[in-house]
Amino acid sequence: MNNKKIVSPDPHFYLLGEKAVVIAFSPPISLEIQRRIWALAKQLSGLDEVVEVVPGMNNLTVLLTYPQRQAAPIINKLKKRWEGSHAIEVPTRCIDIYVTYGKELGPDLPFVAKHCGMTEKQVVECHASSTYTVYFIGFQPGFAYLGDMPAALHTPRRAEPRLAVPQGSIAIGGSQTGIYPLVTPGGWQLIGQTQQPLFDPTAASPTLLQPGDTIRFIPNPEGVC
Amino acid sequence: MLTIIKSGLLTTVQDSGRTGYRQLGISQSGALDLPALYIANLLVGNPRDYAGIEITLGQFAVQFHQDSWIALTGADCNATLDDSPLWTGWRYFVRAGQQLVLQQPVRGMRSYLAISGGIDVPVILGSRSTDLVAKFGGLDGRILQNGDELPIGQPVRFLDDQKRKKSIGVQQLTFDNRIRVLSGPEMDQFSQQSQRNFWRTNWHLSPNSNRMGYRLNGDQLRRTSDSELLSHGVLPGVIQVPHNGQPIILLSDAQTTGGYPKIGTIIAADLYCLAQIPLGESIRFRPCTLAEAAEALEKQQRFIDQIEWGLYAD
């Protein structure tokens with residue numbers, strides 16, 4: 001990170017039930033804040049009084065071991081931790097995802113191309129030329145919320161969601177792109193598919209992606225590229 | 001080992017659930033009525049968080065293939081062991097070959113069957129609980145079916161001396177349809193009228209409810225702001241209000257993050273009540289303070305601790 005001063009808004013703090021405390025920022029979304037959220041999450045997850053941490057989009061929910069009788073003491077503790085979290089650096093991993101774009105594995109690629117006024121090849125080029133950040137994981141095991149999709153690719157969700165999106169599907173929904181780790185109903189536009197397993201509950205590291213990772217999509221020669 | 005003769009509507013292997021994997025999007029899972037699971041386990045000499053069988057709406061039958069202690073807690077389903085009545089909240093010594101049969105519940109929704117040694121399915125990500133959404137844990141990540149065979153673990157506490165070889169019962173928690181709730185972070189984004197209605201409405205539990213969440217029907221809650229929230233962590237007990245104004249209470253199988261406004265959170269000590277109130281009935285929310293919530297949880301833990309001391313103090 002460079003040393004330029006970033007003016008970030010003040011976070012708000014609150015309890016969610018008697019056993020969780022939350023730090024949250026209002027939009028617009030900031031990667032700088034998210035980096036500090038990851039760092040804070042990492043730091044807090046080792047504490048005895050913390051059961052686990054859940055990073056969201058510019059917020060962090062901290063599950064506590066004991067119920068709180070008052071809000072102020074735990075909020076002040078979290079505030080102090082946040083203020084001290086400037087300096088922490090979380091190492092980031094770079095992960096390549098190999099994607100077969102288009103044809104049967106990406107049945108909505110023609111629609112996305114038409115919507116964006118590009119050829120299918122241009123959509124793939126654009127999607128695969130960007131580097132994406134895993135802001136957080138949610139919705140289902142290993143489902144990454146990715147930031148930084150080029151604006152040229154923004155495409156509305158399907159009017160009629162699919163009942164079963166195939167596992168490993170790469171999709172675009174509005175301004176977001178993502179990968180479906182499991183077969184699930186879904187309304188995003190499917191543009192390709194990866195063979196890499198995103199979720200394996202029996203593996204030492206059960207999900208391929210973690211908050212803070214950066215990923216690149218690499219087109220397979222079998223698909224549109 | 002035991003064999004499922006009649007699996008019933010929705011029967012799964014559950015323990016106290018998964019912790020530590022929410023940031024990878026992995027749900028908690030686990031018994032919906034945790035105190036009932038704990039008490040069943042304690043009765044048969046297991047650590048309280050061992051895996052048992054969660055049975056929804058009775059109509060279940062199982063055959064045991066080894067001599068064991070068993071206990072049934074939660075919903076009372078007129079259970080019989082080889083045709084003689086078996087009481088919920090009691091432990092019994094069963095012989096290999098005996099069959100336990102549950103009818104429809106007289107009271108409650110979910111029964112818990114514990115067996116000494118626990119249900120010994122593989123531990124996946126720190127738990128034996130079934131994750132029905134991601135399809136892992138429990139028995140092959142799925143609902144139990146007729147003919148399924150479940151392995152039993154080694155008992156930890158031995159209850160086989162003569163003095164103890166008799167049935168024994170404990171008091172169970174009773175459930176209430178007045179559920180204590182802490183105001184949520186977005187409560188004040190709802191109209192004054194809706195905030196009042198939240199506390200005054202008889203909310204009907206929709207039949208369209210499951211282990212992920214309970215949907216409620218009643219007065220439509222109107223939010224005065226239409227700003228979208230950024231996705232954030234959610235927990236069992238959180239009451240979300242989607243755009244249709246009908247609240248959803250998140251339960252054990254809920255996803256780890258959500259985006260709907262949170263009008264309140266059910267206190268941890270009252271969550272088990274939801275596992276037992278029949279769908280179609282109504283519930284009411286009662287405001288509560290943090291101190292009350294913490295006290296209620298401690299009281300509940302003491303109640304369960306006392307059961308353990310009562311059974312094993314000597």
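Predicted model: local features only at pLDDT ≥ 70, side-chain atom pairs only at ≥ 80, totals over all residues.
**Getting your bearings.** Start by colouring by confidence. Chain B averages a pLDDT of 95, and 97% of the residues score at least 70. For the model, ipTM is 0.95 and pTM is 0.93.

**Stop one: K262(B).** Select K262(B), which sits in strand 20, residues 262-266 of chain B. Is this lysine buried or exposed? With a relative accessible area of 1%, K262(B) counts as buried because that value is under the 20% cut-off. Now show the side chains around it: a polar contact of 3.1 Å links K262(B) to H232(B). Beyond its neighbours within four places in sequence, K262(B) also touches residues of chain A, namely Y14(A) and L16(A). On the chain B side, its contacts include G184(B), P185(B), E186(B) and M187(B), along with L229(B), V238(B) and I239(B).

**Stop two: helix 2 of chain B.** Next, select residues 192-200 of chain B, which form helix 2. Its buried residues are S194(B), Q195(B), N197(B), F198(B) and W199(B). What do they pack against? Strand 20 is one of their partners, and the others are strand 13 (178-183), strand 14 (203-205), strand 17 (238-240) and strand 21 (282-287), in chain B as well.

**Stop three: the second largest pocket.** Two or more lining residues come from each of strand 3 (50-55) and strand 4 (59-64) of chain A, and from helix 1 (34-43), strand 20, helix 3 (271-276) and helix 4 (290-312) of chain B. Helix 4 of chain B gives the largest share, five residues. By type, the lining has 23 nonpolar, 11 polar and eight charged residues.

**Stop four: backbone details.** In chain A, go to the loop between strand 2 (20-24) and helix 1 (31-44), where you will find P28(A). The peptide bond from P27(A) to P28(A) is cis, with omega near 5°.

Finish in chain B, in the loop between strand 10 (107-115) and strand 11 (149-150), which holds K135(B). K135(B) is not a glycine, yet its phi is positive, about 60°. D140(B) lies in the loop between strand 10 and strand 11 too, and has a positive phi of about 50° without being a glycine. Relative accessible areas mark K135(B) as exposed at 58% and D140(B) as exposed at 59%.

Note on methods
Residues numbered from 1 in each chain as written. Chains lettered and ligands numbered in written order. Heavy atoms only, no water. Helix = DSSP H or I, 4+ residues; strand = E, 2+ residues; numbered from the N terminus. Buried < 20%, exposed > 50% of the residue type's maximum accessible area, 1.4 Å probe, protein only. Contact = heavy atoms within 4.5 Å. Polar contact = N/O pair within 3.5 Å; in protein donor to acceptor, adjacent residues only side chain to side chain. Nonpolar A, V, L, I, M, F, W, Y, C, P; charged D, E, K, R; others polar. pLDDT = per-residue confidence, 0-100.
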